[in-house]
Amino acid sequence: MKVSGYQLFWMISISSIILFSYVPIKLAAEHTFQDAWISIFLGGMIMMAITWIMLQVCNQNKDKTLVEFMKDLLGTFLGKTLVTFYFIHWFIQMSTITRGITEFQNLVLLHEMPMTIILLCMLFLIVYVMFKGGIIAISRCAEVIGPFFIFLYFIQLILSPQEMDLNRILPVFVDSGWGNILKGTLYSFNYMIDPSIILMLFFFAENKRTAARGIFWGTAVAMLWGLLTTLSLLFITGPNITAEMVVPVYSITKLVSILDFIQNIDALYITFWVLGAFIKLSVVLFILSYGLAEWTGYRNWKLIACVTVLVLMAFVIYSTYDIRIGYEFKTMYLIGFLYPMIYIFVPILLWVLGSIKHLRKLSSVK
Amino acid sequence: MRRRIIFTFISFFLLILASGCENFVEPNQLAFVIGTALDHDESGVIEVSHQIVIPSQISGSEGGGSSSGSESFIVLSAKGKDIIEANRKIQRKMSRRLMENHRILIALSEELFEKHDVSQLFDKLNRDPANNLRDITIMIKGGNARDFLMQGHPMDHLSSVAAGKEMKLSRMSKFTSKQLAIDILSDGYRPLIPVFNVEEIQVSSNKKQSIGLLSGFAVMNKDLKVSGILDDVEGSEAAWMAGKRTFQGITIPWKDGKGALSFRFSRLKRQIHSVKGEDPNHIILTVKAQAYLLENTTPLDLYEVENIVEVQKYLNEQVQKELQQTVDKVQELGPDVFGIGEHLHREFPYWWKSQKDEWDDNFKETNVTVKAKIRIRSLGTSGKRFSK
């Protein structure tokens, strides 16, 4: 199973944009209002730096996946334990997005449809794509959906120029100050883009150099989109309304009105959002089940994917009963422990260990 | 072969699921709400009225050409603690499902503003994805908003369509409920809401009809209570100065009292500056526009360049004088509908932090000078007026 750098670009940019469109803008705007874009920009920069570190780690371990090189570098026990944090993270992410999709479709389109049916349709699709070829099928889908997806998502930001007032982001900085801006960044940056998936995906890349470039550009495109979206949201609705919007990107598509004639283009937006979410979910499901297969030593990752999806379904349905589980974005366990661990601590640790190992090898050769 | 058949069936099943056929509502099962009115009720709750089109009547009378006879809409009302409760009660009276996506007008009565916290009502507009926030919000003076909806209009079937068209004609696209929500939420802006009232006019030799028409603008204070009402000329001047560009034109008598000049304005803009950029208590409000001469009953020959310069100068003086009067009047009323506070917020953010709570009082003391920069773009197609 090999994917090209071009395909990686689409996969990374789609899955990052999906995550971006869903959570972080509201989390940042709550604290910073018209300075939300600064928080988003800072967060994006942090994420770009993390992506860069992770790419270094990947480059040091070209022929292994995350599970294998963690075992190599940290020893079997510690490696396996630390990898489980990534598994948990991916699982939480999947459940958040699955829940997001079903709730959103119930809210705006299918008011009567039982949630389980929407859920089943989506989950069936991602299991199907696993059996049809895993990462190869996913990457081909991403290649086809990607251009339309990115085009639509960028173009919709500039479709309501008559509603925009550039002065709405003023005054810059003074109202919120560093305290609030950093708070906004802290709460939101974990949800902006998701570099952790490349630790697994890089192994499947055909040409490592073009792959690194694809991943970096994919992340950058998603970053740029997030920043522009925040700005255009602020221009269109002003800081106070932005801070209250739960699905901000959807709300601005509803405000699009071209010459009072083309309105309500949200139908297009929802379609592509669901398609993008499909890419995101299947990528994460693939790396999760492949990783689990390596972790357990049970080679049939397709079967593991099925089991994972069943667990996911149970979890999502359960989380609609226990509301607390569903709204965990601001929990301190996640922000204070899990995210710093998987985004900052472990990658840096791996990078340092990898470099030491590399140096040692060099010196022993001499 | 068998596999292919099974596959086809499964795909069709999925197609039906995917297209949401399961809870599809045909257009002929929907009731299109075009206008909504909100009133205060004696018992302390609110009364919601929906103006709903009757599609069959609309197509019928358009073909026949006679608007007499049956009405093309109905107005249904119900009371409730909030909008949704009333909506449910209205729904009970309907054979079709209410659909609010295409609403163009929300009318609120003056009494409602007095006795309720109107900003609460906007929660529903933003929470429910069925609303697009493009609908225009107006206030109905003297009377029920429900009665306004019940008025027909000689030109249009529905009063809300007529009011919507009237607003569009006078370039009032800036008075949407989205804009109102933004104004309500910001610290340095007080809302300006168009006011309609019902007047009886002679429409033909033997027929009088009462129609709703734009009669002015309400100046609202921080708590969304009416501080005062400007008439339509002052109001549209205020809207121009608030950056909501609605002003239509002006007629000025010429200096010696002989004749008058009428202009149409386009490309309305306004800018706010503080003197030297450092004194927040002295504001210069600059309005800009391009003027088109429409009528000239003075003896001036406007083919002469000296005369044009003279007219432009005089026009600016006159506009400046009139707008200054409007500003003084608004300052007397209190609320800052021009958004000067928001400008100061942006220009002097640190100063504003200490001032924003007392802004309503300080605005009255602020020295606001109006400057007009109007350029004459066109004199029409004739030089001097026709005279012997």
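Across all chains of this predicted model, a search of the whole structure finds 15 salt bridges. A salt bridge here is a side-chain nitrogen of Lys or Arg within 4 Å of a carboxyl oxygen of Asp or Glu. Side chains of opposite charge can pair when their charged atoms come close.

**How to read the values**

- Residues are numbered from 1 along each chain as its sequence is written, and chains are lettered from A in the order in which they are written.
- Local features need pLDDT of at least 70 and side-chain atom pairs pLDDT 80 or more, while totals for chains, interfaces and linings use all residues; side-chain values use heavy atoms, without hydrogens and water.
- Buried means under 20% relative accessible area, exposed over 50%, and partly exposed in between (1.4 Å probe, protein chains only).
- Helices (H or I, at least four residues) are DSSP runs, numbered from the N terminus.

- D194(A) and K280(A) form a salt bridge, at 3.7 Å from N to O.
- D194(A) sits in the loop between α8 (177-188) and α9 (198-201), and K280(A) in helix α12 (residues 266-296), so the pair ties together parts 86 residues apart in sequence.
- D194(A) is buried at 3% relative accessible area, and K280(A) is buried at 1%.

**Chain A: a partly exposed pair**

- K64(A) pairs with D72(A) in a salt bridge, with the closest N and O atoms 3.0 Å apart.
- K64(A) is partly exposed at 23%, and D72(A) is partly exposed at 41%.

**Chain B**

- E85(B) and K81(B) meet in a salt bridge at 3.7 Å, N to O.
- K81(B) is exposed, with 68% relative accessibility.
- E47(B), R146(B) and D147(B) belong to one network, joined by salt bridges that share partners.

Methods: Helix = DSSP H or I, 4+ residues; strand = E, 2+ residues; numbered from the N terminus.
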